[in-house]
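Q: Please take a close look at a single part of this model, and then follow the packing that surrounds the rest of it. I would like the cut-offs spelled out as you go.

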Amino acid sequence: MSMILEKCTELNNLIKASPEYRNYINARNAIKADENLYSSLMNFKQHYTDVMQYTEGNPYDEIYKIYNENDDLLHNSTVNAYLRAESAFSRLIRQVIGEVSKDINIEA
């Protein structure tokens, strides 16, 4: 078990040294420097999540409305950089999780 934990620590350090993580941290720090911008983005993301989770049927119209209402926010260069960096980092983490768990069968 200790070997697995050591490899996890190595993987953690590799992830933190990755361009995806460094870009994400830089973009996150940039957006958090502007409290109003950060708050607006977090409200947008929460509203988007709520619509996706709680809308019965196809949420297309509601999502379209949210995007239209937040057009200026979403075209802000700091917000755009953050969202791109967040997406790239999330994609990296999904790939890592996929590779770590590949071919592991937990069914009896």
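A: Asp-103 is exposed, with a relative accessible area of 75%, where exposed stands for over 50%, buried for under 20% and partly exposed for what lies in between, computed with a 1.4 Å probe on protein chains only. Although Asp-103 is not a glycine, its phi is positive, at about 65°. The residue lies in the segment after H6; helices here are DSSP runs of H or I with at least four residues, strands are runs of E with at least two, and both are numbered from the N terminus.

The model is predicted, so local features need pLDDT of at least 70 and side-chain atom pairs count only at pLDDT 80 or more, whereas totals for chains, interfaces and linings use all residues. Residues are numbered from 1 along each chain as its sequence is written, and side-chain values use heavy atoms, with hydrogens and water left out.

Turning to H6 itself (residues 77-101), its axis and that of H3 (residues 35-54) come within 11 Å and cross at roughly 50°, the axes being lines fitted to C-alpha atoms over the stretch in contact and the angles running from 0 to 180 degrees between N-to-C directions. H3 is therefore oblique to H6, given that angles under 35 degrees count as roughly parallel, over 145 as roughly antiparallel, 65 to 115 as roughly perpendicular and the rest as oblique. Leu-37, Leu-41, Met-42 and Lys-45 of H3 meet Thr-78, Val-79, Tyr-82, Leu-83 and Glu-86 of H6, contact meaning heavy atoms within 4.5 Å. Sorted by class, this contact has six nonpolar, one polar and two charged residues; Ala, Val, Leu, Ile, Met, Phe, Trp, Tyr, Cys and Pro count as nonpolar, Asp, Glu, Lys and Arg as charged, and the others, Gly among them, as polar.

Within H6, Leu-83 is partly exposed, with a relative accessible area of 26%. Apart from neighbours within four places in sequence, Leu-83 is in contact with Leu-41 and Leu-74, and its C-alpha is 9.1 Å from that of Arg-28, 55 residues away in sequence.

The largest nonpolar core has 19 residues, and those with the most contacts inside it are Tyr-24, Ile-31, Leu-41, Phe-44, Val-79 and Tyr-82; such a core is a set of buried Ala, Val, Leu, Ile, Met, Phe, Trp, Tyr and Cys residues joined through side-chain atoms within 4.5 Å. H6 gives the most to this core, with six residues. Not counting residues up to four places away in sequence, Ile-31 touches Leu-37, Tyr-38, Leu-41, Thr-78, Val-79 and Tyr-82.

Leu-73, in helix H5, is buried, with a relative accessible area of 10%. With residues up to four places away in sequence left out, Leu-73 touches Leu-37, Ser-40, Leu-41, Phe-44 and Val-79.

H3 also packs with H4, at an angle of about 170° and with the axes 10 Å apart, and the two are therefore roughly antiparallel to each other. Phe-44, His-47, Tyr-48, Val-51 and Met-52 of H3 make this contact with Glu-62, Ile-63, Ile-66 and Tyr-67 of H4.
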